[in-house]
Amino acid sequence: MKLKWDQTGERIYETGVSNGVLYVQKANGSYDNGVAWNGLSTVTESPSGAESNAIYADNIKYLALTSAEEFGATVEAYTYPDEFAECDGSAEVADGVMIGQQDRKAFGMAYKTIVGNDTEKNAHGYKLHMIYGATAAPSEKGYSTVNDSPEPITLSWELSTTPVEVTGYKPTATLVIDSTKANSEKLKALEDILFGSDETEARLPMPNEVISLMKEDVQVAG
């Protein structure tokens, strides 16, 4: 069949970021109860690596080895949850008193981005993103005087990640689910885990649990 381009309903785009959640990592590698990340404005995903390294022998290109791929991101926000302070190298030594340059805790994140098209616009669907094993590098904060064009300070962090195990696949630090393709009931069950429900606290399930839930008709305990 002859290929056709830009058919009605197939002009897909992505935009926006919302429903940010922070999960601080515990000593055993699991994650504490999630907290809402208000003021999240930008998440820029920045994979790196996966570069080809040519090997030569017998005066020819013998083979090409690919370097390991790493996942990083830049997060920008106007504020952050109190729980993020220890991920940003701060410790509260008394009520309202913070000291910096402390050990930084690892954490996980979840957030949504909009998937739109030419007919339904931004109501077409969304992608659910999960990040594991993240650590935040120190970031600068620029304070300036209030003037006739005031703007709030934008906070920014560079994230690096340590991948976690996934049965049958290479370790990963990121997982994405497309609501326009995933089973809606299973996705709702996953969101009840990630964002919490009337019965359970929000938590970040590991990739194996997410995959099991999305593949099979199973109940996952909160």
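Two strands are said to pair if DSSP finds at least two bridges between them. Strands (E, at least two residues) and helices (H or I, at least four residues) are themselves DSSP runs, numbered from the N terminus.

The model on display is predicted, so local features need pLDDT of at least 70 and side-chain atom pairs count only at pLDDT 80 or more, while totals for chains, interfaces and linings use all residues. Residues are numbered from 1 along each chain as its sequence is written, and side-chain values use heavy atoms, with hydrogens and water left out.

**Stop 1: the whole chain**

The chain holds 14 strands and two helices. Its C-alpha trace spans about 65 × 55 × 45 Å along the principal axes. Next, show the surface. The accessible surface of the chain is about 14200 Å², and 48% of it belongs to carbon and sulfur atoms; such areas come from the Shrake-Rupley method with a 1.4 Å probe, and for residues only the protein chains shown count as cover.

How many of the 222 residues count as buried, as a percentage? The value is 31%, where buried means under 20% relative accessible area, exposed means over 50%, and partly exposed lies in between (1.4 Å probe, protein chains only).

Consider also the contacts, that is, heavy atoms within 4.5 Å. Among contacts between residues at least 6 apart in sequence, 62% join residues at least 24 apart.

Then colour the charged residues. The chain has 17 positive and 34 negative charges, and their mean positions are 9 Å apart. Here Lys and Arg count as positive and Asp and Glu as negative, whereas His and the chain ends are not counted. Each charge is placed at NZ of Lys, CZ of Arg, CG of Asp or CD of Glu.

**Stop 2**

Select residues 52–57, strand β4, together with residues 60–66, strand β5. These strands run antiparallel and are joined by six bridges. Within this pairing, I55 has L63 of β5 as its bridge partner. Two residues lie between the strands of this hairpin, in which D58 takes a positive phi near 55°.

**Stop 3: the hairpin of β7 and β8**

Move on to β7 (residues 91–94) and β8 (residues 97–99), an antiparallel pair joined by three bridges. A91 stands opposite I99 in β8. Which residue of this hairpin takes a positive phi near 80°? The residue is G96, in a hairpin with two residues between its strands.

**Stop 4: β6 and its partners**

Select β6. This strand pairs with β3 in the antiparallel sense over nine bridges, and P47 has F71 of β6 as its bridge partner. β6 also pairs antiparallel with β11, over six bridges.

**Stop 5: the nonpolar cores**

A nonpolar core is a set of buried Ala, Val, Leu, Ile, Met, Phe, Trp, Tyr and Cys residues joined through side-chain atoms within 4.5 Å. In soluble globular proteins, nonpolar side chains tend to be buried together.

Show the side chains of W37, F107, M109, W157 and L159. Of the 21 residues in the largest nonpolar core, these touch the most other members. At least two residues of this core come from each of β1 (13–24), β3 (40–49), β6 (69–77), β9 (107–117), β10 (121–136) and β11 (155–161). The strand that gives the most is β6, with four residues. A second, separate core has 18 residues, including V21, Y31, I193 and L213.

**Stop 6: L175**

Select L175, which lies in strand β14 (residues 174–178). Is L175 buried or exposed? L175 counts as buried because its relative accessible area is 12%. Not counting residues up to four places away in sequence, L175 touches L128, H129, M130, Y132, P207 and V210. From L175 to D118 the C-alpha distance is 26 Å, and the two are 57 residues apart in sequence.

**Stop 7**

Find D6 in the segment before β1. D6 is not a glycine, yet its phi is positive, near 55°. D6 counts as exposed because its relative accessibility is 56%.

K121, in strand β10, also has a positive phi, of about 55°, although it is not a glycine. At 49% relative accessibility, K121 counts as partly exposed.

End at P152, in the loop between β10 and β11. P152 is exposed, with a relative accessibility of 56%. P152 and S46 are 106 residues apart in sequence, and their C-alpha atoms are 25 Å apart in space.
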